[in-house]
Amino acid sequence: MSDRTLLEVEDLHLHYQTRRGVVRAVDGVSFDVRRNEALVVLGESGCGKSSLAKALMRVLPRNVHQVSGRVTLDGTELLAMSDESFRRDVQWVRMALVMQASMNALNPVVRVGEQVVEPLRVLRQWPRARAMARAVEVFELVGVSTDFLQRYPLELSGGMRQRVVLAMALVAEPELVILDEPTSALDVLTQAGIMNLLKRLKRELGTSFILITHDVATSSELADRVALMYAGQIVEVADAVQFFTEPAHPYSKMLMASVPRLRQEHRPEPILGQPPSLLEPPSGCRFADRCPSCFKRCAQDPKFIRLGDRRRVRCWLYAEGGDR
Amino acid sequence: MSEWQPVTIVGHGEPLLSVSDLHTWFELRQWGFLRVGAVRAVDGVSFELARGESVAFVGESGCGKSSLARTLLGLHRPTRGEVRFAGRSLGGLKARELQAYRAKVGYVQQDPFGALPPFLDVRRILAEPLIVHGVKDRAQRDRRIRAVLDEVRLSPAEEFLPKFPHMLSGGQQQRVVIARALILEPAMIIADEPVSMLDASVRVEILNLLRHIQTQRELTLAFITHDLSSVRHYAERIFVMYAGRVVETAGVKELLDHPQHPYTQSLLAAIADPDAANATKQREIPGGEPPSLLHPPKGCRFHPRCPHAMAGLCDVDEPPDFEPRRGHYSACWLHR
Ligand SMILES: Nc1ncnc2c1ncn2[C@@H]1O[C@H](COP(=O)(O)OP(=O)(O)OP(=O)(O)O)[C@@H](O)[C@H]1O
Ligand SMILES: Nc1ncnc2c1ncn2[C@@H]1O[C@H](COP(=O)(O)OP(=O)(O)OP(=O)(O)O)[C@@H](O)[C@H]1O
Ligand code: SF4
Ligand SMILES: [Mg+2]
Ligand SMILES: [Mg+2]
């Protein structure tokens with residue numbers, strides 16, 4: 001662990017209880033995030049990205065079957081904290097989450113300026129005037145005209161609402177902001193505008209980000225590092241340059257080959273088959289039945305193998321002894 | 001899948017579909033009767049599609065892509081202008097003829113999850129159009145259903161015939177939607193955002209499938225998308241739409257490599273290809289947002305956002321189609 005480490009996650013599990021059995025949405029996830037670093041959590045629909053964010057922020061549904069592991073934020077062990085102290089000392093203040101589709105979850109009958117400062121009013125009992133002065137600051141920060149402070153959510157475009165929820169996440173100056181699919185419902189140009197903004201915020205505020213997305217191209221717009229998830233697990237975590245130029249895990253390679261490119265003749269290749277059910281995932285490598293390099297050893301659960309300083313791959317091809 | 005060959009039948013004989021000066025406006029009324037204006041969803045669009053040609057309509061949300069598709073299908077009556085299919089104007093068709101026309105044009109609608117009726121199994125979903133169009137013999141229907149399932153690679157058919165939509169993955173549901181569009185053996189398919197709801201890896205599979213079927217059957221395919229990065233391998237021509245109009249048209253490679261219209265140029269500049277260097281670059285994007293279609297701006301509709309707008313011209317007169325490069329059309333005063 002480096003002294004620049006801000007968040008450290010070890011062997012995190014989040015399982016849900018359902019009528020059909022236990023859904024292992026997050027199933028042994030480990031990674032770390034440094035100060036002023038952006039980690040992108042990339043993965044296809046249903047692989048457990050939002051569940052990971054919810055486990056980190058402790059916004060859990062009622063049907064949780066199991067949460068376990070260690071989540072350490074700058075030395076503080078989060079999972080061991082009481083709900084009350086987590087809500088008082090961590091949520092919004094040190095770590096904020098912009099949930100998937102939250103731009104559509106703003107309260108339609110409260111002016112956006114008021115909503116943005118709610119964390120300060122509720123958690124820190126800031127008086128109204130002081131809170132509104134902060135609202136002006138964060139609106140300017142995210143590039144929304146302060147004329148809009150008095151408007152209601154429905155009077156704002158999608159891109160502006162997304163900036164507003166981002167302003168809300170930033171209002172108490174957290175060290176870490178988690179963004180769950182912040183641009184996936186937006187148009188190309190609006191999306192590019194939001195990504196420009198995130199890059200600027202990262203540079204100017206020194207904040208750390210966990211950006212969750214299913215879109216490989218978008219992920220490269222902010223990532224210092226990439227963690228690729230598959231069926232509840234991280235299969236590769238690597239520096240962005242390494243990940244985009246020489247992905248190691250067979251799934252990473254196939255995912256990169258499936259991305260259509262605007263500026264290259266490269267013909268995208270589909271990844272045939274489907275991810276396994278999280279109800280009873282296979283006992284060996286979860287990618288085995290779609291993997292062109294699958295061999296005997298893959299029937300056992302692969303270890304999360306270290307490949308250099310901060311790179312890890314969950315694949316037997318990289319174990320000692322290689323593909324035997 | 002690599003067995004397809006590019007087909008270019010552009011310019012052979014009479015066009016299959018020809019659209020001239022098409023307008024589809026939606027009247028907006030207050031309290032059900034007071035006319036407050038019209039949403040000009042399609043506002044002066046003309047083009048021709050050849051038999052066997054695959055084209056893409058690209059543009060941002062709300063620019064009128066679905067309205068155009070639905071007008072071509074005869075689901076909206078044009079406010080002005082005309083759609084001709086195989087030489088006949090849709091406006092002149094009687095109800096029965098319109099039904100026959102719909103059999104010739106397959107529709108893959110936006111939102112696959114809402115496209116399939118949840119209480120019907122795959123067999124019934126595919127039998128329905130055959131029944132409606134008078135295929136009475138059950139054995140014959142069954143043969144066609146099996147053949148089309150095979151074509152969209154849902155095999156063995158036995159496995160899929162009794163399934164209900166919720167038992168299928170998103171990609172499989174979309175295959176059923178495509179099978180339904182194909183079952184009456186149309187001459188043309190209109191696919192409205194056929195993959196936008198699907199995962200990236202499945203997208204490629206579905207687009208490959210559509211392209212394969214299109215070349216095999218020599219269908220005309222109009223493929224609507226907001227994602228310019230996915231068109232290169234799936235269409236021969238691109239139409240870029242902005243605020244109810246087509247602003248640029250050319251062959252795919254020509255358009256992607258030499259975009260002429262400032263709007264297309266900004267759209268392309270906003271799209272990332274995966275590259276770690278992106279994280280430190282600010283992208284050039286135009287300010288503002290697409291205009292209201294209730295009161296589109298005068299002159300060029302892009303002028304309030306355009307970095308090259310020329311005062312006294314772009315904000316006054318509507319630019320006609322120029323041909324700045326051979327076979328490449330762009331509606332922008334810069335080419336005058
Ligand atoms: N409250 C819940 N109860 C039971 N299962 C759940 C619950 N929430 C999520 N799941 C399941 O857990 C798995 C992971 O879901 P999650 O929402 O974390 O995926 P995701 O990667 O965020 O997907 P998407 O890209 O579609 O947002 C899925 O199979 C999902 O159906
Ligand atoms: N039946 C209707 N009545 C009134 N307005 C409509 C109707 N259908 C579409 N519109 C309006 O017409 C405009 C164009 O909509 P359309 O659905 O054609 O856009 P689109 O390009 O398909 O967008 P998207 O990418 O979001 O699907 C929008 O402003 C829309 O609100
Ligand atoms: S006509 Fe004028 S405003 Fe419109 S795109 Fe061209 S330069 Fe820009
Ligand atoms: Mg999610
Ligand atoms: Mg549409």
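Me: Which residues is R58(A) in contact with, leaving aside its neighbours within four places in sequence?
Reply: In this predicted model, R58(A) is in contact (heavy atoms within 4.5 Å) with L78(A), L79(A), M81(A), S82(A), D83(A) and F86(A). Residues are numbered from 1 along each chain as its sequence is written, with chains lettered from A and ligands numbered from 1 in the order written. Local features need pLDDT of at least 70 and side-chain atom pairs pLDDT 80 or more, while totals for chains, interfaces and linings use all residues; side-chain values use heavy atoms, leaving out hydrogens and water.

Me: Where is the place of R58(A) in chain A?
Reply: R58(A) is in the loop between α1 (49-57) and β4 (64-73) of chain A. Helices (H or I, at least four residues) and strands (E, at least two) are DSSP runs, numbered from the N terminus.

Me: Buried or exposed, what does R58(A) count as?
Reply: R58(A) counts as buried because its relative accessibility is 18%. Buried means under 20% relative accessible area, exposed over 50%, and partly exposed in between, with a 1.4 Å probe and protein chains only.

Me: What lies 2.5 Å from a polar atom of its side chain?
Reply: That is the backbone oxygen of L78(A). The backbone oxygen of M81(A) lies 3.0 Å from a polar atom of the R58(A) side chain.

Me: New topic! What coordinates the magnesium ion?
Reply: Ligand 4, the magnesium ion, is coordinated by S50(A) through OG and Q100(A) through OE1, at 2.0 to 2.2 Å. Donors are N, O and S atoms within 2.8 Å of the metal (3.2 Å for Na, K and Ca), and water is not among the atoms, so sites may look incomplete.

Me: Where do S50(A) and Q100(A) lie?
Reply: S50(A) lies in helix α1 of chain A and Q100(A) in the loop between β6 (95-98) and α3 (112-116) of chain A, so the pair ties together parts that are 50 residues apart in sequence. Q100(A) counts as partly exposed because its relative accessibility is 42%.

Me: Ok, ligand 2 now. How many residues surround it?
Reply: 14 residues surround ligand 2, with a heavy atom within 4 Å of it. The closest are S61(B), G62(B), K65(B), S66(B) and S67(B).

Me: What is 2.7 Å from an oxygen atom of ligand 2?
Reply: An N or O atom in the side chain of S66(B). A polar backbone atom of G64(B) is 3.1 Å from an oxygen atom of ligand 2.

Me: Which element gives the largest share of the shell around ligand 2?
Reply: α1(B) does, with 3 residues.

Note on methods: A polar contact is a pair of N or O atoms within 3.5 Å; within protein, one must be able to donate a hydrogen and the other to accept it, and residues adjacent in sequence count only if both atoms are side-chain atoms.
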